[in-house]
Structure formats: C-alpha cells, structure tokens
Amino acid sequence: MASTVPGYSPGFKKPPATLRLKRKRPRRSEVAAPQPCGAAPRVPSVPARRNPFSSLDNAPRQPGRWHQGEGPASAAPFWQFLESAEDKPARSVGLSEGTNVLALPEEPKLSTELRCAFQQSLVYWLHPSLPWLQLFPRIGADRKIAGKACPWAQDEALQQALMSDWSVSFTSLYNLLKAKLCPYFYVCTYQFTVLFRAAGLAGSDVITAVVSPTTRGLREAMRNEGIEFSLPLVEESRSKKQKSSEGNLEAEVAHGPEADRSAKDGTEAAPSDDDDDGFSWLEEMGVQDKVKKPDAISIKLRKEKHEVQVDHRPESLAVVKGTNTFTLLNFLINCKSLVAVAGPQAGLPPTLLSPVAFRGGTMQTLKARSMNAKARVRLAYEDIFSLEIVGPVLPHSLHSLTMLLQSAQQGAFSAVLYTHEPTAVFNTHLDNASTALKKETISKDLLKCGLHSKTLDQLSQVPTLGKSSLRSLEMKDYAYAWKS
C-alpha cells in the first residue's frame, strides 16, 4: 500500500517506482466443456496478433492492357490512340483505314484518349537541362541568357564535366539514329545548327546531316578532317548561271556576226580562272617588273570569292552523307569552336533536341495555352477559340497536332507558324534524293522509333519547300492549303 507523502493531503498516494501495464485478457463467459475420457487435453487457444497491413492487397498486379475503348488511357503510347477503330468507334480515338480522319467520341472534351494523345504530341527530349536558361534557339540568344547565373563560365573543371556529359549524350543519339530507333535530332550551337536524319527520311537511303549556316573557316576545317560534303544551293546557282550563259551565247550566235563580236569581247573581258596565264601578256610587253601582280593569298581569295560571299547565309548549307556523318560526329565533339569562349554563352554545351528518349536527355513539354475571343463576322459576333503552343515545335509534333486538330475541329482549322529562320533551309532538296524508296522497308525499320506511321510517311518524303518554310496552314473540309 502506498504510503502518505508529507506536505500533501492525506488522500494523496505516491505512485510506485516501477509502472507496469497489464494487458487485458479476453474473458471467457462460458465454462469449458469437460473433456471425454482418454482424450488429450486441449491447449487453450491464444488470439493471433492483428496485422495492421493485413487489409492491404500487396499481391502483384498485371499491367493494364490497352484495347480500343477499354482499359486505362495511360497504359498505351499515344500512337495507339490513333489506330483504326473497328469494334467501338464511338469510344476510341482512331484513324480509319486508309484515311487521316480520327474517329472521335460524341463529346471530344470528355475523351481521355484525345487528351492523352494531345499531351504526348507536346513531348520532346532535351540536353542539357538548365531550367533557368532558355536553350532554344541558341543563335542570337545572348540577350536572353545575359544576366542569368552561369557558374561554369569561370570554372574550367565544370566546363569539362559538362562537355564530357554532352559528348556521351551526343554519341547515344547517333547510335540510336544508326539503329533507326531515333528518326532525327538537332544539335544547336551558338553559331550554327546541325540536323541529323536517319536513313529513309527526306528521300535518302543513308544517314544525312545538314549544317547551316556555315562559314569558310568551318568548311575548311571539315575538309581538313576528311569530311566530304556538298553545297547544293551553291551548285544549283552555278548550274543555273551556266545554263543561262549558254542560252545567251546561242542566241547571240544566231543573231549574226556583230553579236558574235560582242560575245567574243565579253568572253575576253571576263576574268580568267587561271591567274598566272592572265598576266602572261605583261611579259610579252616587257613590263612585268614594273606592274605589281597580286600575291598568292589575293589570288586564292579571288578564286573563293563566290564561296566566301555565301557565309552566314542560307546558301551556305552543307550536306554530309553516309559514313561521313560519323566523322562529323567526332569532329563536332573535338571542335573547340563549338562552344563560345566569351559572352553569355561561354562554356555552355550545344543543345540537343530529339523526339525520343536518349542517355542524359530530360523530358520536356511544349507550353500550350488556350484562349477564347469574339470576332465580328458580317453583322454578328462569333466565338473564336485559339491554342498557342510555345517552344521548339519539332516536325513530328506539328504533324501529330494537325492530325488531332483535323478530327477535333471536324476538318476546319487554321494555324500560323513562326519558324526559326536559320533552320528554314533544312527543307532543301538533297542531292540524289530518291522518291522511289520502298515505303514498306522504311516503315518497317523506322516504326521501332515510336512515331506514328503517318508521321513517318510524311517525314520520308522528299522536301520541296527549298529555302522557305511553312508560314500558315489552313484546313477546310479536310483539305489543306498552306503558304510558305
């Protein structure tokens, strides 16, 4: 019994030094039944302890399998929502056989498949990932990057680490491209942009790389590394001039001897390609020592005058094909002028953009914003719904969005496109591009990259826009009209 404590009331009891908690045992309301004779005594049953996790279902579940109109919307990639819908066209989003029209539900706003396909069309992959910097476009981006935190600008060790990581990502993308697991990707530097395309795209049966804009120094460095390339726009202009001069010469010869004399005078006045023979008449007159002849450097610059004039212009587009693209890969990795030495972009590796995942890449999404407005049409006002998409809109994203919009808007919509001007020349027709490539082989090999078959068919066609690009796109009654 607890003793009383002096200074406290007589009813206060001092608690024991050790406090023991007694577990309340279950009471038995009934008396145990008597055991039969010769039977073994029954051991009293102990109540099992309650497991707090026993109510949770921890059994492994099978992954959700997507079927047309069934299953979770996130269990399948977006192109499966664009396949043909035969069983349940009212609940699925699918392309009808042989058409580009999507079979939509009665209410597109309530379609989770359509929302998933739209979100998937906004996805692209980026390296490096620096959220506080705008990494596209890189040409002319000094003003937007200036003033931002760039801890690598004065740290050479950090610059080497960034470039080492960038080289691994760049090599990974090229290997995916070679295995036809990546259809194309971009390398964006502060001076030029490179577009690598897999074999089968743009009418070419080999891997191609287009570089624009280029300079005489860059082209000379590529030649020194053994990279074979062509300048299709320069060669095209030369052939046009040659054809026009031949046509003018034939017309002048057909007019008579006076025209023939003027043609001869014109050919004599034209500068000769061989400058040493051009000054041979000075020796015949004996005044070769009194007249100062141009030096070898001036003669070389004079010969390369036309090539130097195209620097930093769309006409300087360089096309690399086949195994030379691998040499270009090594050249870009080891090129010291690939990264800016001074300025806001100093030490910042080039930007890699790809439609598929690659080593070191970060998934990004384009920013989409919808707006509603009213426009006056004749004597009434009509509601206009606009969708603004900001960011590097890659070719596959544009094609996917148009396929979705043409169905969601019942074949009537318009779009205004703002192209990064240095990349507009990538629509140039490649040399020896063939329009007769086997589509079955192309689709079979490139379908592994994950893009929709309709998108791959569009990308495999020979470019026809030349140095221009799409500026506006309009669809009426499921028929396209565009301006470049």
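**Rings, burial and strands**

Tutor: Ring pairs join Trp166, Phe170, Tyr174, Phe185, Phe196 and Phe326 into a cluster. This is a predicted model, so local features need pLDDT of at least 70 and side-chain atom pairs pLDDT 80 or more, while totals for chains, interfaces and linings use all residues. Residues are numbered from 1 along each chain as its sequence is written, and side-chain values use heavy atoms, with hydrogens and water left out.

Student: How many aromatic pairs does the structure hold?

Tutor: There are 10 aromatic pairs. Rings of Phe, Tyr and Trp (its six-membered ring) pair if their centres lie within 6.5 Å; planes under 30 degrees apart count as stacked, over 60 as edge-to-face and the rest as tilted.

Student: Why is the pair of Phe185 and Phe196 called stacked?

Tutor: The ring centres are 4.9 Å apart and the planes lie at 10°, so the pair is stacked. Phe185 sits in strand 4 and Phe196 in strand 5, 11 residues apart. Strands here are DSSP runs (E, at least two residues), and helices are runs of H or I with at least four, both numbered from the N terminus.

Student: What makes the pair of Phe413 and Tyr480 edge-to-face?

Tutor: The angle between their planes is 85°, with 6.5 Å centre to centre. This pair links strand 13 (residues 413-416) with strand 15 (residues 479-483).

Student: Why does Phe413 count as buried?

Tutor: Buried means under 20% relative accessible area, exposed over 50%, and partly exposed in between (1.4 Å probe, protein chains only). Phe413 has 10% relative accessibility, so it counts as buried. Tyr480 is partly exposed because its relative accessible area is 36%.

Student: Why is Thr214 buried?

Tutor: Its relative accessibility is 0%, so Thr214 counts as buried. Thr214 lies in the loop between strand 6 (208-212) and helix 4 (216-224).

Student: What joins the side chains of Thr214 and Arg219?

Tutor: A polar contact of 2.9 Å does. The term covers a pair of N or O atoms within 3.5 Å; within protein, one must be able to donate a hydrogen and the other to accept it, and residues adjacent in sequence count only if both atoms are side-chain atoms.

Student: How do you know that strand 7 and strand 8 pair?

Tutor: Two strands pair if DSSP finds at least two bridges between them. Strand 7 and strand 8 (residues 318-321) have 2 bridges, in the antiparallel sense. Phe229 has Val320 in strand 8 as its bridge partner.
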